[in-house]
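I list what I looked up, entry by entry.

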Amino acid sequence: MSGETTDTIRKKKIFSAVKPTGSPTIGSYAGALKNWIAMQDAYDCVYCVADLHSITVSLEPAVFRKNTLEMLAMYLALGINPEKCVLFLQSHVSAHAELAWVLNCYTQFGEASRMTQFKEKSKRNPENVNVGLFDYPVLMAADILLYQAETVPVGEDQKQHVELARNIAQRFNNRYSPTFVLPEPVMPKYGAKIYGLQNPTAKMSKSEENPNDCVYLADGADEIMRKFKAAVTDSDSAVKYDKTNKPGISNLLTVYSVFSGESIDKAEKEFEGKGYADFKKRVGEAVIEFLKPVQAEYKKLLADKNYLQSVMKSGAERAARIARRTLSKVYRKVGFVPLEQ
Ligand code: AQP
């Protein structure tokens, strides 16, 4: 059933999104998308392509449009089913921007300034520290709260933002009366933070400048293998999970576990006595095997513009209906004068 389910046993609601600032990575899959797919049956899911969030960095319009459609096609190819969940583009539902403005007025400058991602991104890109970047977590709070999501599947880097959304919701509820459900972040056991292949102490990011640091879900098999073979490890030879002393190998073990479905303990046993070269090759193969059918489906979907349009249209209509209900409630509570119909 959809986001508007009336099942007698009410399913918990979840919301999540990925921004199309580039092609999705194995990190986005491990931290968020894998959970999205797993949660589709048991939860009432609302998923979106967070295009509004993307313009905090400067993007070429044609490239941005392409990224957005590719992201949608990748969601579908991975198995996000628009019959089971509400799937849409964020910019197609104006309530996101509208609620974000209201929530800005219930967010303290100090608490927004403490957001780690804002601090890190401002440092990395000092020539474009725009207000949108600062306000990003408030828009994310609006995304989540509009759908009354109880659970938000995210990677580790977004946990702080979900906690901020919860604080804003609580503040609003205390000021008026219960309006928003208080959301909780949920992270996967393995893969909540996948690190770069060249720098295994920093998060793998789709906008990373070094293309060898990052494996994209749309990368070809040869490219994937080349990147894994070149992954930074250490001078030891034991395939053991030890984040402090062996960050590269620990990261590769995590990737292997996410894509092969094997636990890290079992993987350690599997690679006992084998060298790093063998291990890296197996990690590459596991990712390639997993992605083969996904990429075939992705290519088909990308070529079917009419289908993508129909998914976007019905998703936007369904999302807007749910979002409008929450926004109307908020406007009423704040004291805006309603326009009589
Ligand atoms: N490396 C990662 N490991 C685990 N989870 C990750 N996520 C992203 N990278 C990793 C999770 O994927 C979801 C969507 O993220 P996003 O694209 O909306 O934002 P982000 O976290 O800022 O992703 P990037 O790749 O780092 O984007 P850029 O480079 O554009 O800033 C989130 O749940 C995130 O935790």
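This is a predicted model: local features need pLDDT of at least 70, side-chain atom pairs count only at pLDDT 80 or more; totals for chains, interfaces and linings use all residues.

**Entry 1: terms and model.** Numbering runs from 1 along each chain as its sequence is written, and side-chain values use heavy atoms, with hydrogens and water left out.

**Entry 2: the shell.** I looked up what surrounds the ligand. I found 23 residues, the closest being K121, D157, S205, K206 and S207 (near is a heavy atom within 4 Å). By class, the shell holds seven nonpolar, 10 polar and six charged residues. The most, four residues, come from α1.

Entry 3: A polar side-chain atom of D157 is 2.4 Å from a ligand oxygen. A polar backbone atom of G155 lies 2.9 Å from an oxygen of the ligand. For a ligand nitrogen, I found a polar backbone atom of M204 at 2.9 Å. The protein covers 97% of the 640 Å² of accessible area that the ligand has on its own (Shrake-Rupley method, 1.4 Å probe; for residues, only the protein chains shown count as cover).

**Entry 4: the largest pocket.** I ran a 1 Å grid over the protein atoms alone: a cavity is a set of points where a 1.4 Å probe fits but cannot get out, a pocket is an open set with protein on both sides within 12 Å along at least five of seven lines, and lining residues have an atom within 4 Å of a point. Where does the ligand sit? The space it takes is the largest pocket (more than half of its atoms lie within 2 Å of the grid points). I read a volume of about 1,000 Å³ for this pocket (space filled by probe spheres set on points joined across faces, edges and corners). The lining has 44 residues, with K19, K121, K203, S205 and K206 nearest the centre. The largest share, five residues, is from α7. By class, the lining has 17 nonpolar, 17 polar and 10 charged residues.

**Entry 5: the second largest pocket.** Its volume is about 370 Å³. I counted 15 lining residues, with E120, R124, D157, K193 and K203 closest to the centre. Nine are charged, five polar and one nonpolar. α6 gives the most, five residues.

**Entry 6: the cavity.** I found one cavity of 30 Å³ or more. The largest cavity holds about 40 Å³ of space. Q117, F118, K121, L133, Y136, P137 and H161 line it. α6 and α7 (131-146) are the elements that give two or more residues to that lining.

**Entry 7: R10.** I placed R10 in the segment before β1. Its side chain makes a polar contact of 2.9 Å with that of E150.

Technical notes. A polar contact is a pair of N or O atoms within 3.5 Å; within protein, one must be able to donate a hydrogen and the other to accept it, and residues adjacent in sequence count only if both atoms are side-chain atoms. Ala, Val, Leu, Ile, Met, Phe, Trp, Tyr, Cys and Pro count as nonpolar, Asp, Glu, Lys and Arg as charged, and the others, Gly among them, as polar.
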